[in-house]
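Please examine the sequence and the three-dimensional model shown here before reading on.

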Amino acid sequence: MTKPLLDVFAGKAPSVPPIWLMRQAGRYLPEYRALRTKASGFLNFCYTPDLAVEATLQPIRRFGFDAAILFSDILVVPDALGQKVWFEDGEGPRLEPVTDMAGLSALKPSIDLEHLAPVFETIRRVRGELSANVTFLGFCGAPWTVATYMIAGRGVKDQVPARLAAYQERAFFSALIERIIEASIDYLSAQLENGVDAVQIFDSWAGILPPNEFERWAIEPVKRIVAGVRQRHPQARIIGFPRGAGSFYRDYAEVMDVDAVGLDWAVDPAWAAREVQGLKPVQGNLDPLALVAGGDALNRAVDRILAAFSGKPFIFNLGHGIVPQTPIAHVEQMLKRIRG
Ligand code: CP3
């Protein structure tokens with residue numbers, strides 16, 4: 001049996017596109033909320049294979065998506081570099097900020113893959129559970145996005161601390177990005193060795209970079225990761241997701257050696273079908289709030305995306321993660337609209 005999602009990377013365009021949703025395991029699912037109570041702390045949840053395997057499989061069982069995405073978080077990379085990382089319930093991630101060379105020197109020189117052994121166990125166990133037509137995705141954060149959290153110590157509006165550091169503390173910032181690049185190559189390679197079919201690189205904050213900085217911090221480091229992973233795994237399948245890249249989506253698709261480009265919801269499907277899909281398979285880009293809204297608004301948004309991208313290589317997804325208030329009935333409505 002073939003995997004429809006991998007077929008898209010190979011240039012095929014099945015009449016019904018493969019579909020999965022970013023953050024498809026999460027709080028909108030009652031079974032996820034029940035599972036979540038069994039772990040103290042979100043990182044513990046990610047590092048407990050019994051729970052992480054189950055969280056990965058929950059959305060596949062319920063909806064029959066074409067891809068399962070490893071249940072983990074992009075911030076396990078700073079954690080495995082020795083930075084203090086924790087999650088405040090209902091608030092999000094917290095890190096002890098790394099803001100200068102001294103802070104960087106206090107981290108491990110390279111990622112401690114031993115620390116991430118539970119993640120690799122999760123991958124091996126999920127691999128054994130998935131049916132042959134489901135693609136298994138691993139992931140990491142792009143260096144720029146991971147650096148924004150490492151420097152600010154939390155999610156902050158407009159990522160002011162990281163943007164300032166990139167201008168003012170260039171030597172430190174370059175060295176930090178370098179450390180994350182190497183860690184990400186090691187981490188994604190290990191995910192592939194343990195059994196994921198493909199990986200996605202999430203650059204959630206790419207869109208706040210001005211032009212020159214976009215090239216320097218959203219393109220170059222990801223290029224290095226892609227090249228580094230391909231050096232070890234020439235057959236690796238890689239999705240790049242530079243959220244908010246706007247008109248730079250075209251440049252990204254042109255220069256990045258990825259197998260597909262993830263589009264956020266602000267991108268006009270008609271524009272992207274012309275300018276991006278001609279260069280690379282695309283993935284996206286339903287507004288997560290159209291999924292919250294449901295009804296005609298959802299149907300219209302789905303139809304518009306299908307009309308633009310069908311007939312050429314395309315993976316249906318949201319333009320960013322599913323939000324907790326999403327009704328399950330609306331996910332079912334969307335699937336019915338796409339699959340008939
Ligand atoms: O997609 C999936 O289902 C797989 C798991 C996954 C999670 N985080 C689980 C998670 C993935 C792929 C991520 C990626 C991630 N994590 C990103 C990039 C994608 C994006 O959303 O922009 C970022 C920036 C993070 C960092 C992060 N983790 C934040 C900012 C938060 C808090 C916001 C929130 O939704 O609570 C998290 C926590 C987190 N990661 C949750 C989940 C399911 C919620 C934690 C909980 O259950 O309490």
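The paragraphs below treat the ligand site and then several individual residues.

The structure is a predicted model, in which local features need pLDDT of at least 70 and side-chain atom pairs count only at pLDDT 80 or more, while totals for chains, interfaces and linings use all residues. Residues are numbered from 1 along each chain as its sequence is written, and side-chain values use heavy atoms, with hydrogens and water left out.

The ligand is surrounded by 22 residues, of which the closest are Arg 27, Tyr 32, Asp 73, Ser 204 and His 320; a residue counts as near if one of its heavy atoms lies within 4 Å of the molecule. By class, this shell contains 13 nonpolar, five polar and four charged residues. Here Ala, Val, Leu, Ile, Met, Phe, Trp, Tyr, Cys and Pro count as nonpolar, Asp, Glu, Lys and Arg as charged, and the others, Gly among them, as polar. Helix 2 (30-36) and strand 3 (92-95) each contribute at least two residues to the shell. Helices (H or I, at least four residues) and strands (E, at least two) are DSSP runs, numbered from the N terminus.

A polar side-chain atom of Tyr 32 lies 2.5 Å from a ligand oxygen, and a side-chain N or O atom of His 320 lies 2.7 Å from an oxygen atom of the ligand. Ala 25 takes part through a backbone N or O atom, at 3.1 Å from a ligand oxygen. Taken alone, the ligand exposes 870 Å², and the protein buries 88% of that; accessible areas come from the Shrake-Rupley method with a 1.4 Å probe, and for residues only the protein chains shown count as cover.

In general, most residues other than glycine have a negative phi, and most peptide bonds are trans. Asp 158, in the loop between helix 8 (143-152) and helix 9 (160-168), has a positive phi of about 60° although it is not a glycine. Gln 159 is found in the loop between helix 8 and helix 9, and its phi is near 50°, also a positive value. Is each of these residues buried or exposed, or partly exposed? Asp 158 is partly exposed, because its relative accessible area is 36%, whereas Gln 159 is buried, with a value of 1%; buried means under 20% relative accessible area, exposed over 50%, and partly exposed in between (1.4 Å probe, protein chains only). A further backbone feature is the cis peptide bond between Gly 284 and Asn 285, with omega about -25°; Asn 285 belongs to strand 8 (residues 282-286).

Asn 194 lies in helix 10 (residues 170-194) and is classed as buried because its relative accessible area is 19%. The side chain of Asn 194 makes a polar contact of 2.7 Å with that of Arg 124. Asn 212, in helix 11 (residues 211-232), is exposed, with a relative accessible area of 65%.

Note on methods
A polar contact is a pair of N or O atoms within 3.5 Å; within protein, one must be able to donate a hydrogen and the other to accept it, and residues adjacent in sequence count only if both atoms are side-chain atoms.
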